[in-house]
Amino acid sequence: MNDRTAAPPRRRLTKQQRRAQLLDAARALIRDEGTDEFTLGRLAERAGVTKPLVYDHFGDRSGVLAELYREFEERRRETLARVLDDTAPELAAVAGVVAAAYIDCCIAEGRELADVVAALAGSPTLSAVRQEAEDAYLEMCRAALEPLAGPMDPAGLLSIVGAGDALARGALAGEIGADRAAAALARVVAAVATADPAGPSDLTHPTGQERTPR
């Protein structure tokens, strides 16, 4: 006689599904305990799997943390793309949604992202991931802003990230409100978009003397 109360067999996860499960468990572990005690063994215990399986997916502790950071950056780009699709092609509006999306994503991630970045400080793995993610994000900003404001200075674009990170930290620490942080970043974005890409050096002679415009 069949036992109809028996639990159904557990469905085997695909490799992609298992990876997603492990990353969810890693985020929860870092949220609860921080990164100081984060190990692959603790992650395996939290996820209810064997340690070799975790090593197979990520290689080492840095691999998990770098993947968490990469996922955050992907979500940030997806959020920006989504809001830009619904924004009027006006500089003030685009600068506003670029800024708001940046701050909102950082706040939504909370202190977990800061802990991950701090844990990977000085890591070649994170340096490569961050550079790749930053380049992709700023390319999205450039593509959205240049049709409205003309060519942008690549060096100026970097200030969007610098200002965004500083303002997000202030908002997370409760030093400023999220709306105020987004408004301040929007002003930075608009200023970068409208700045002269050539800068003051366009009117300066190599000797340091001002050149007379023709």
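This is a predicted model: local features need pLDDT of at least 70, side-chain atom pairs count only at pLDDT 80 or more; totals for chains, interfaces and linings use all residues.
## Cavity, pocket and aromatic pairs in an all-helical model

Helix α4 contributes the most to the lining of the largest cavity, supplying four residues. The structure holds one cavity of 30 Å³ or more, and about 70 Å³ of space lies in the largest cavity. Its lining consists of R27, I30, L68, Y69, F72, R75, E109, E112, L113 and V116. Two or more residues of this lining come from each of the elements α1 (15-33), α4 and α6 (111-119). By class, six of the lining residues are nonpolar and four are charged, with no polar residue.

The overall fold provides the setting for these features. The protein contains nine helices and zero strands, and from the N terminus on its elements run α-α-α-α-α-α-α-α-α. Of the 214 residues in the protein, 37% are buried. Among contacts with a separation of 6 or more, 66% are accounted for by residues 24 or more positions apart.

One of the residues lining the largest cavity is E109, which is found in helix α5. At a relative accessibility of 13%, E109 counts as buried, because it falls under the 20% limit for burial. When residues up to four places away in sequence are not counted, E109 touches R27, F72 and R75. R27, F72 and R75 likewise belong to the lining of the largest cavity.

The aromatic residues were examined next. In total, two aromatic pairs are counted. In the pair made by Y69 and F72, the ring centres lie 6.5 Å apart and the planes meet at 50°, so the pair is tilted. Y69 and F72 are three residues apart in helix α4 (residues 61-85), and therefore about one helical turn separates them. Both Y69 and F72 are buried, and Y69 and F72 are also among the residues that line the largest cavity.

The other pair, formed by Y102 and Y137, is edge-to-face, with 5.5 Å from centre to centre and 75° between the planes. This pair links distant parts of the chain, since Y102 lies in helix α5 (residues 91-109) and Y137 in helix α7 (residues 124-149), 35 residues apart. Y102 is buried, having a relative accessible area of 2%. Y137 also counts as buried, at 2% relative accessibility.

A charged side chain accompanies the rings of Y102 and Y137. The charged end of R76 sits over the ring of Y102, at 4.2 Å from the ring centre. The charged end of R76 also sits over the ring of Y137, where the distance to the ring centre is 5.5 Å.

Helix α7 also contains A144. With a relative accessible area of 18%, A144 is buried, because burial is assigned under 20%. Apart from its neighbours within four places in sequence, A144 is in contact with L84 and V94. A144 and V94 stand 50 residues apart in sequence, while their C-alpha to C-alpha distance in space is 7.4 Å.

About 370 Å³ of space lies in the largest pocket. This pocket is lined by 20 residues, of which C106, L113, V117, R130 and D165 are the closest to its centre. L113 is also one of the residues lining the largest cavity. At least two residues of the pocket lining are supplied by each of α4, α5, α6, α7 and α8 (154-172). Helix α8 gives the most to the lining of the largest pocket, with five residues. By class, the lining of the largest pocket divides into twelve nonpolar residues, one polar residue and seven charged residues.

Technical notes:
Residues are numbered from 1 along each chain as its sequence is written. Side-chain values use heavy atoms; hydrogens and water are left out. Rings of Phe, Tyr and Trp (its six-membered ring) pair if their centres lie within 6.5 Å; planes under 30 degrees apart count as stacked, over 60 as edge-to-face and the rest as tilted. Buried means under 20% relative accessible area, exposed over 50%, partly exposed in between (1.4 Å probe, protein chains only). A charge sits over a ring if NZ of Lys or CZ of Arg is within 6 Å of the ring centre and within 35 degrees of the ring normal. On a 1 Å grid over the protein atoms alone, a cavity is a set of points where a 1.4 Å probe fits but cannot get out, and a pocket is an open set with protein on both sides within 12 Å along at least five of seven lines; lining residues have an atom within 4 Å of a point. Grid points are joined across faces, edges and corners, and a volume is the space filled by probe spheres set on the points. Ala, Val, Leu, Ile, Met, Phe, Trp, Tyr, Cys and Pro count as nonpolar, Asp, Glu, Lys and Arg as charged, and the others, Gly among them, as polar. Contact means heavy atoms within 4.5 Å.
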